[in-house]
Every structure is written in C-alpha cells, then in structure tokens.
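Let's walk through this fold together, one question at a time. Have the structure open as you read.

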Amino acid sequence: MDGLFRMSLEEKKPIVIMYMTDDRVITDRSIIVRKIHPDYIRAYCFKRGTLRTFKRDNILAASKPFRKGKHSPFSTAL
C-alpha cells in the first residue's frame, strides 16, 4: 500500500481505499494523498469533498481507481 500512497502523493492522482471507521463501518473512498505520516494518511476525500485524516490501521486495502461505470475493485458483485 505504501507504494500506492507515494504514487498518489507524487503524481497527484487518485487511489481507492477500503476504510473502516472507528464505528466499524466499511466504506470505499476515492482519495488523493496530501501527506504520509507513520500513523495516518492526510488526503483529499472525494466522498466528503474535503481534506480528511485516515488512520493507517483502519485502511484495509488500496487500489488504483476503477473505470467509470465499473464495480469497485473491492466489490463482491459479479
């Protein structure tokens, strides 16, 4: 995942993360990384439309973005 975080930061390109909130709700987020810290990632979140802080321990997976109209890379739909 660190490679994807660095790529997003350096190239200013979005990535998709599967994130679990502190309330244990799992969501897909499309983000552009702004800062990488040992314990968290600071990123622009397209879902919320603002900068957000994501705990690294709560990031379950990361992927390059999927094409418009396609399922999330984390989707179980066939």
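**Sheet, helix and aromatic pairs**

This is a predicted model, where local features need pLDDT of at least 70, side-chain atom pairs count only at pLDDT 80 or more, and totals for chains, interfaces and linings use all residues. Residues are numbered from 1 along each chain as its sequence is written, and side-chain values use heavy atoms, with hydrogens and water left out.

Q: What is the order of the strands in the open sheet?
A: Strands pair if DSSP finds at least two bridges between them. For example, 5 bridges join β2 (residues 26-36) to β3 (residues 40-45), which run antiparallel. The open sheet has 5 strands with antiparallel pairing, in the order β4-β3-β2-β1-β5.

Q: Why is one side of β4 and of β5 left without a neighbour in the sheet?
A: The sheet is open, with the order β4-β3-β2-β1-β5. Both β4 and β5 (59-63) have a single partner strand, so one side of each lacks a neighbour in the sheet because they stand at the edges.

Q: At about what angle does helix α1 run to β2?
A: Axes are lines fitted to C-alpha atoms, for helices over the stretch in contact (heavy atoms within 4.5 Å). Angles run from 0 to 180 degrees between N-to-C directions. Helix α1 (residues 2-11) lies across β1, β2, β3 and β5, and its angle to β2 is about 60°.

Q: How many residues apart in sequence are the parts that the pair of tyrosine 19 and phenylalanine 54 ties together?
A: Rings of Phe, Tyr and Trp (its six-membered ring) pair if their centres lie within 6.5 Å; planes under 30 degrees apart count as stacked, over 60 as edge-to-face and the rest as tilted. These two rings have centres 5.0 Å apart and planes at 80°, so the pair is edge-to-face. Tyrosine 19 lies in β1 (residues 15-20) and phenylalanine 54 in β4 (residues 50-55), so the parts are apart in sequence by 35 residues.

Q: Is phenylalanine 54 buried or exposed?
A: Buried means under 20% relative accessible area, exposed over 50%, partly exposed in between (1.4 Å probe, protein chains only). Phenylalanine 54 has 2% relative accessibility, so this residue counts as buried.

Terms used. Helices (H or I, at least four residues) and strands (E, at least two) are DSSP runs, numbered from the N terminus.
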